Amino acid sequence: MSIAILKTIFHYFSLTANPSLHQIKQTHARLITAGYDGDTHFTGQLLAALAQSQSTPFRYSLSILNSTQNPSLFAINNLIRCCAKSESPHEAFSLYSSMCKKPQFRPNNYTFSFLFQACSKFTGLTEGNQIQTHVIKLGFFDNVYIRNALIHLYFTSHDTKCAKDLFDECPSSRDLVTWNVMIAGYAKAGKINDVEKVFDEMPERDVISWSSLITGYMQNGYLEQALDSFKRMIDLQLSPNEAILVTVLSACAQLGLIENGRQIHSTINSLNCQMTVHIQTSLVDMYAKCGYINKARDLFNEMPIKDLSSWNVMICGLAIHGLAMEAIELFEKLLIKGLNPDNVTFIGVLNACSRAGLVNKGRHYFKLMTEKYKITPEMEHYGCMVDLLSRAGLVLDAIELVEKMSTPPDPVLWVTILGACRTHGLIQLGEETGKKLIQLDPNHHGNYIQLSKIYAKSYKWEDVVKTRGMTNDRNCKKIPGWSLIEAHGKIHQFVAGDRKHDMSLEIYKMVDRVNIRVLEAGYSPDLLPILHDLEEEEKVNAIKEHSERLAIAFGLLVIEGGECIRIVKNLRICGDCHEMTKVVSKVFEREIVVRDGSRFHHFKGGECSCQDYW
DNA sequence: ATAGGGTTAG
């Protein structure tokens with residue numbers, strides 16, 4: 001093996017974005033057989049190639065460095081870079097510390113840049129501060145790469161103030177990346193006003209500035225603003241990249257905005273954006289979550305390359321649509337393909353079982369997950385199992401499972417059990433569970449409501465009033481329920497008793513009309529869960545102003561006949577609204593699809609796709 | 001010869 005060939009190979013590596021570990025190892029072997037083991041120049045080359053590769057096994061890189069007597073600074077820097085990318089970034093600091101003991105060691109700007117990168121990965125602010133003193137002493141503090149990496153480190157260590165001070169301190173050593181780091185940092189810190197301020201003030205923006213702004217909105221729950229920014233960006237004729245498309249598709253999926261999602265889909269096609277596995281997966285997810293499971297399935301089947309997350313979104317999508325058997329079949333197909341399911345895959349499968357009441361299958365897959373695939377169940381897996389067992393009436397089994405857990409159970413698990421006690425008439429057990437739950441999680445409004453409903457079921461009105469009263473004393477957090485509906489490209493959002501909509505008057509007239517029609521058709525509201533001391537009429541009003549009823553009334557007014565009315569609700573639909581919506585679908589001859597906090601309900605001809613199992 | 005910032009499924 002001649003030097004010329006080896007040099008050519010390394011030249012090829014330097015031009016390759018992600019040289020394979022296998023090829024690098026082969027070259028390493030060739031170096032050894034050619035007698036260049038430990039050669040200073042080639043050691044540096046090898047480490048540079050490894051630093052550029054996606055897999056950066058730290059032990060291997062270290063052994064390469066140790067094979068040479070006098071490693072170059074170039075080699076050391078690349079080893080630190082390998083380390084920063086690897087699973088053990090903290091090793092970079094110990095490596096640096098041991099290097100500092102050698103008197104001839106003179107770190108340069110590259111060294112510090114990689115070091116701060118490593119510190120950000122393990123949020124080693126203490127280590128970072130030590131390195132910072134060296135940076136100042138050696139006169140590298142004005143280097144913009146180093147400064148940006150340091151600002152980034154302060155943000156990842158939640159020291160927003162220090163990050164901002166560094167940014168303000170030296171306006172001359174700022175570049176585009178500095179501004180982008182500020183946007184992303186403020187976004188992670190939840191300071192959305194600062195995100196917007198920085199974005200507006202920055203002298204120029206690139207695609208990452210936009211991406212940071214959009215994901216900043218997403219991370220802080222401003223989904224509509226994320227979509228607005230995306231539109232602004234498209235209007236400016238800028239090309240979105242994969243990160244942005246994945247993010248905005250996720251916003252559409254979460255909000256259930258199919259018109260918006262379709263528009264983004266056609267934007268992707270018309271802009272000649274490169275289609276990737278991630279984007280296709282996000283499209284499948286978006287269509288599934290917006291209620292178009294058939295479209296999602298078609299897209300999934302057409303995907304030339306699928307990764308595990310593609311399978312996961314499809315399995316989870318089928319599960320939320322109640323297509324349990326198909327979800328299970330797809331899961332079995334994934335196993336036959338030889339893919340290894342992960343924790344998310346099992347959430348989808350267990351969810352599917354739970355939605356369809358497949359108790360034995362659920363137990364089987366839970367066992368498969370822990371025993372064969374050695375996946376430690378997370379709270380979500382327990383959530384599915386508790387749901388599955390308690391809704392099937394096996395409340396005692398569910399309690400046993402929760403009590404056997406090695407980690408403290410999320411109070412939500414007890415909420416599920418409590419709900420099941422109520423539906424299965426286990427009053428005594430329900431009361432005990434409810435009291436325990438309130439002790440565990442005293443600030444959650446819903447817990448008191450659940451317990452009061454149990455009392456109502458056994459006509460203990462004094463306890464109902466007492467329990468409800470406690471919510472005021474204890475300053476409980478109440479998650480406001482909302483429903484949204486997309487009509488002619490616009491989003492309309494309603495909360496219970498909402499009178500802010502432009503068409504409010506007509507909407508409430510429609511609510512009354514709907515009420516009369518459904519009552520004529522034999523629907524009778526279940527008033528038990530509502531406070532007993534309200535006047536009869538007030539009780540009816542309290543239910544009839546639920547946000548989904550306003551959205552349905554609005555849908556009946558503005559969505560053309562023959563078109564499906566699609567509603568997205570953040571919380572779970574209440575039993576009474578569920579009953580009423582079934583009747584509405586029959587008397588108004590309209591298909592109504594409600595995506596609630598838990599799953600899809602497809603109402604048609606007086607029936608719901610969940611078959612009342614929810 | 002070596003540098004940085006943003007991303008998805010529960």
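Is K404 buried or exposed? K404 is exposed, at 63% relative accessibility (buried means under 20% relative accessible area, exposed over 50%, partly exposed in between, with a 1.4 Å probe and protein chains only).

Before you click on, note that this is a predicted model, where local features need pLDDT of at least 70, side-chain atom pairs count only at pLDDT 80 or more, and totals for chains, interfaces and linings use all residues. Residues are numbered from 1 along each chain as its sequence is written, chains are lettered from A and ligands numbered from 1 in the order written, and side-chain values use heavy atoms, with hydrogens and water left out.

**Stop 1: K404's partner.** Select E400 too: its side chain meets that of K404 in a salt bridge, 4.0 Å from N to O (a side-chain nitrogen of Lys or Arg within 4 Å of a carboxyl oxygen of Asp or Glu). E400 is partly exposed, at 47%.

**Stop 2: R363 and D397.** Here's another salt bridge, with the closest N and O atoms 2.5 Å apart. R363 sits in helix α22 (residues 359-372) and D397 in helix α24 (residues 395-404), so the pair ties together parts 34 residues apart in sequence. Helices here are DSSP runs (H or I, at least four residues), numbered from the N terminus.

**Stop 3: K500 and D498.** Their side chains form a salt bridge too, at 3.9 Å from N to O. K500 is exposed at 71%, while D498 is buried at 9%.

**Stop 4: DNA strand B.** Then try K289, where a side-chain N or O atom is 2.9 Å from a phosphate oxygen of DNA strand B.

Definitions and conventions: A polar contact is a pair of N or O atoms within 3.5 Å; within protein, one must be able to donate a hydrogen and the other to accept it, and residues adjacent in sequence count only if both atoms are side-chain atoms. Helices (H or I, at least four residues) and strands (E, at least two) are DSSP runs, numbered from the N terminus.
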